[in-house]
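Subject: A structure for you to explore

Hi there,

Here is the structure I promised to pass on to you. Have a look around it first, and then read my notes below.

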Amino acid sequence: MSLPPNRPLAAGISLILLTCGVASQALAWDEPPEEPAYQDRIIDPDKLAPLPPDDDEQFDASGLPRSWRLEVLTSQIKRGDEKFSESGFSFGGLWETADWGSFSLDATAFQSDQGRNGGSRWIGTATIWQRNLRFDGGWRVDNGLGVLNTPLTPLQRDQYRFFLPSAPFSGLVSQWENTEDERRFFAGFGQAGVFSGARVVGFDQAEGQVGTLGSQWRWSPDWTGALAVLATDGRIVPDELGSGQYQDGRTEAAVFSTGWAGTQDEAKLHLHSSRGYLGDAFGAWTDIESRRGRYTYNYGAFRLEPGLAWGALPINNDAQGLHFRTNYRHPRWTWSVGIDQIQSVSGNSFEGTYANAFLRYQARANLGVGGSLNVRRSETDTDFSTRWFADRRARWGITRIQLDQAHTSERDDWQITLDQDLPMQTGSRLTVSGSIAVEDQDGVGRTDTFTLAALGGIELTDRISLDGNLRWIRGNGPNAYRGTDLNLSLNWRLASNWWLTATAYNNRGEQRSPFQLDPLAPPDVFVGIPRERSIFLSLRYQRQAGSSAVVLGGMPGTAAGNIRGSVFLDENGDGIRSAAELPAVNVTVILDGRYSVRTDSQGEFEFPRVAVGAHTIEVVPDNLPLPWFLDEQADRRAVEVQVRDTVRVDIGARRQR
């Protein structure tokens, strides 16, 4: 068989036959074509042009993983009517050892002239953690030294309706866990104090001590017990600037807990006793959970006497009654209904019924709608709040529109909010929000407020990025506010390991949302924060070194990426940080149970140069304001890190609805 020298036809047939792998055997040309048929060409990797230099080429892969940072900073602040300055430095590090576990360090030291009639003083914090220290017999130990928070056992921390706060102190904590028989012990002792500082976290020691002991054990395959005791000198109360300050008053308290867990049901009983400056008090509450298919039921009883205390912060007290919740989860339907019947033990606090309901319907794969209702009814008044929302996912991002309404005996409020989470290029993010609100208070009048806000981070160039949030507010009426709130940080990467950050901060202050009606929330923690303005400059040096720890089947020099994220107060409960939602500051975040950092003034945290693969991010709710908490789905996240990629994780705290 012969073919005319048709070049396109010959090239096409040759390509087809070459792809099938049989061209040389199936056909033979009687006459050679004018041009040789097309052949695949594979470029030798050794002959490829070299890539541009990358910063990672300077990375020292010898030894075990380690990183450190040093930051010099200065700021000028106006808070309320008070002006002051802060200047100092911060230092942090993460490093792995072969025999002594993993170490993490966070430290600050700065000079401040706040509250001393113009005189300056040095304050700061220092916290070092040794985690994952192994011993024979299945024991694992975590030790902390410096500024810490009192721990709790998992059985006592994981509660459905009531939450025990932690107390800050300067001292030592040791936590022991046996992974084989699930025994746990902890102990801590130190000097009482309170977190301070405006743009940099400090710690003011008080005159008094904090001491705590605790243990958790397994009675049997289905039963677990726990006991924790806590003694604190003083209590934390808000001052006129919205910060915390210590007052005299010693408290000694103990909590005994026991829990039973079956295949579909769980039950917990907590007995709480305290004595101190508020008097002697006793509390008891039960939490029962039953799972039946897609339904989950939570219910229990409680009695909390007046003056009940735990640590230095207020907790629920002077209440007794019953609570019931039911949840239903389906790929398209999610709803919950709850009711609390509450009586005052002393007759001086809220008595009545509190009920709430939530519904979300996934109408289409990209469209969800829903709403919630809260009702608080007493003998004299009936207050309620509602929320209606719709969110839609499209090529321009996630859009959420929300209507909030609240009615009490003294006021009527409503607010319409539009949030837009925009799709951005890798490394950038942007959420914009707009709202119209009306506040009508008896004896005061009506105030209309219009708000525009933006939150995110944008890479302006390869070395310059802008992060933060901006909010523009304009109001008319007796409670009107007009101005611009901002928290913007301009980050300039001067060199491979050097960053310069300039931050401008202006906040008009925050108060409790009028759309929250929970009668059990401690009122003392909801205080107005005065207006604050500041300018903040920092120069940071950061460096990483070391290969991944060698394990069976592992290789040194594993490729790496980064993990960045934030912890925030998820006001609308959608799991997405919107421009109007506040950050959770100074909260501990732990990577793989080994390294820990704290969130900054924007609620942000970062773990640099993390090995490629699966990792776990855990948030310890030690400094979350009550009644905010992290549920089981939020406090521990699985994260997959890709080569030279930055994975972003935003974790929202929520409160009962």
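Is Leu539 buried, partly exposed or exposed? With a relative accessible area of 33%, Leu539 is partly exposed, because that class runs between the limits of 20% and 50%. Please keep in mind as you read that this is a predicted model.

**The nonpolar patch**

Leu539 sits in strand E26, which covers residues 532-545. On the surface, Leu539 belongs to a nonpolar patch together with Leu70, Val72, Phe89, Trp492, Leu494, Trp498 and Leu500. Together these residues have about 690 Å² of accessible area.

**A patch of negative charge**

There is a charged patch to find as well. Glu410, Asp412, Asp440 and Asp442 gather on the surface as a patch of negative charge. To find Asp442, go to the loop between strand E21 (429-441) and strand E22 (445-459). Asp442 counts as exposed because its relative accessibility is 54%, and the limit for that class is over 50%.

**Aromatic rings**

Across the whole structure, a search finds 19 aromatic pairs. One of them is Trp95 with Phe103, a stacked pair with 5.7 Å from centre to centre and 5 degrees between the planes. Trp95 is partly exposed at 28% relative accessibility, whereas Phe103 counts as buried at 18%.

Phe450 and Trp472 are arranged in another way: their ring centres are 6.1 Å apart and their planes stand at 75 degrees, so this pair is edge-to-face. The pair links distant parts of the chain, with Phe450 in strand E22 and Trp472 in strand E23 (residues 464-476), 22 residues apart. Phe450 is partly exposed, with a relative accessible area of 33%, and Trp472 is partly exposed at 36%.

**Salt bridges**

Side chains of opposite charge can pair when their charged atoms come close. How many salt bridges does a search of the whole structure find? The search finds 28, and here are a few to visit:

- Arg250 and Glu252 meet through their side chains, with an N to O distance of 3.2 Å. Arg250 is partly exposed at 40% relative accessibility, and Glu252 is partly exposed at 28%.
- Arg292 forms a salt bridge with Asp265, and their closest N and O atoms are 3.2 Å apart. This pair links distant parts of the chain: Arg292 is in strand E12 (residues 281-292) and Asp265 is in strand E11, 27 residues apart. Arg292 is partly exposed, with a relative accessible area of 37%, while Asp265 counts as buried at 18%.
- Arg471 forms a salt bridge with Asp485, again with the closest N and O atoms 3.2 Å apart. Here too, distant parts of the chain are linked, with Arg471 in strand E23 and Asp485 in strand E24, 14 residues apart. Arg471 is buried at 14% relative accessible area, and Asp485 is buried at 3%.

Salt bridges can also share partners, and in this way Arg131, Arg140, Asp142, Glu177 and Arg184 are joined into one network.

**Two loop residues with positive phi**

Which value does phi take in Glu182? Phi of Glu182 is near 60 degrees, a positive value in a residue other than glycine. Glu182 lies in the loop between strand E6 (168-178) and strand E7 (183-196), and Glu182 is partly exposed at 38% relative accessibility.

Asp318 also has a positive phi, of about 55 degrees, although Asp318 is not a glycine. Asp318 lies in the loop between strand E13 (295-304) and strand E14 (319-329). With a relative accessible area of 9%, Asp318 is buried.

**One last stop**

Finally, go to Glu266 in strand E11, which spans residues 265-276. Glu266 is partly exposed, with a relative accessible area of 29%. Along the chain, Glu266 and Trp223 are 43 residues apart, and their C-alpha atoms are separated by 9.9 Å.

Enjoy exploring, and write back with any questions!

Best wishes

Definitions and conventions. Residues numbered from 1 in each chain as written. Predicted model: local features only at pLDDT ≥ 70, side-chain atom pairs only at ≥ 80, totals over all residues. Heavy atoms only, no water. Patch = residues over 30% accessible without salt bridge, like charges linked within 9 Å, V, L, I, M, F, W, Y side chains within 5 Å. Areas by Shrake-Rupley, 256 points an atom, 1.4 Å probe, with all protein chains shown as cover. Salt bridge = Lys/Arg side-chain N within 4 Å of Asp/Glu carboxyl O. Lys, Arg positive; Asp, Glu negative; His and termini not counted. Charge placed at Lys NZ, Arg CZ, Asp CG, Glu CD. Helix = DSSP H or I, 4+ residues; strand = E, 2+ residues; numbered from the N terminus. Buried < 20%, exposed > 50% of the residue type's maximum accessible area, 1.4 Å probe, protein only. Phe/Tyr/Trp six-rings, centres within 6.5 Å; stacked < 30°, edge-to-face > 60°.
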